[in-house]
Amino acid sequence: MTLRHIRIFVTVYQCESITKAAEKLHLAQPSVSLAISELEEYYGLRLFDRMSRRIYVTEAGQQFYHYALHISSLFDEMEKGMKKSGSTGTLKIGAGITIGTSLLPELLIRFRQKHPDFKISALIKNYSAIEEALLTNEIDFALIEGSPSSSQFIEIPFMKDRLCLVCGASHP
């Protein structure tokens, strides 16, 4: 017996028709009939009486419906909760001092606009402190200038920087 069987049963019960349930579920009518038959065989009882091309729920079917509806709604609640939990949480980011003071504030503003439910925790320190925070799992990732000193990290360039020397036109 699977969640699919339960969902099919609930739909048949609510539609009071295997044909209507099949249409609602976008399944072939024989597939719906087979799922109901499999449930009845598995539990060794009749969930529906079939008379004159109609179905009537039995007392066992009534009892099964309440369990099935509860299981189905609990599963739906779990799905929503788990999917939502993937879109919330705390983003723990580290950054070197230069990036943390000049670039990170704008990046975090844009991130917050797209993901308002996330909490953001930023650690702005020198690179050795950022590396230690990564190693001890205090932060999820870091934005740094240059390459990491440890081979334990994966480096993904995210922008190019251009540095220029600026001086007066008459300077030697």
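Mentor: What follows sets values from the model against the definitions of the terms.

Mentor: This is a predicted model, in which local features need pLDDT of at least 70 and side-chain atom pairs count only at pLDDT 80 or more, while totals for chains, interfaces and linings use all residues. Residues are numbered from 1 along each chain as its sequence is written, and side-chain values use heavy atoms, with hydrogens and water left out.

Trainee: Why is α1 called oblique to α2?

Mentor: Helix α1 (residues 3-15) and helix α2 (residues 18-25), both DSSP runs of H or I with at least four residues, pack at an angle of about 125 degrees with their axes 8 Å apart. That angle makes α1 oblique to α2, given that under 35 degrees counts as roughly parallel, over 145 as roughly antiparallel, 65 to 115 as roughly perpendicular and the rest as oblique.

Trainee: Which residues of α1 and α2 meet there?

Mentor: With contact meaning heavy atoms within 4.5 Å, I8, T11, V12 and C15 in α1 meet I18, K20, A21, K24 and L25 in α2. The residues of this contact divide into six nonpolar, one polar and two charged, where Ala, Val, Leu, Ile, Met, Phe, Trp, Tyr, Cys and Pro count as nonpolar, Asp, Glu, Lys and Arg as charged, and the others, Gly among them, as polar.

Trainee: What makes T11 count as buried?

Mentor: Buried means under 20% relative accessible area, exposed over 50%, and partly exposed in between, with a 1.4 Å probe and protein chains only. T11, which is found in helix α1, has 10% relative accessibility and therefore counts as buried. Not counting residues up to four places away in sequence, T11 touches A21, K24 and L25.

Trainee: How do you know that R46 is partly exposed?

Mentor: R46, in the loop between α3 (29-43) and β1 (48-51), has a relative accessible area of 44%, so R46 is partly exposed. Beyond residues up to four places away in sequence, R46 touches E40, T58, A60 and G61, and the side chain of R46 reaches the backbone oxygen of F48 at 3.5 Å.

Trainee: Why does E16 count as exposed, and what is its phi?

Mentor: E16 lies in the loop between α1 and α2, and its 53% relative accessibility makes E16 count as exposed. Although E16 is not a glycine, its phi is positive, at about 55 degrees. Most residues other than glycine have a negative phi.

How values were computed: Axes are lines fitted to C-alpha atoms, for helices over the stretch in contact, and angles run from 0 to 180 degrees between N-to-C directions. Helices (H or I, at least four residues) and strands (E, at least two) are DSSP runs, numbered from the N terminus. A polar contact is a pair of N or O atoms within 3.5 Å; within protein, one must be able to donate a hydrogen and the other to accept it, and residues adjacent in sequence count only if both atoms are side-chain atoms.
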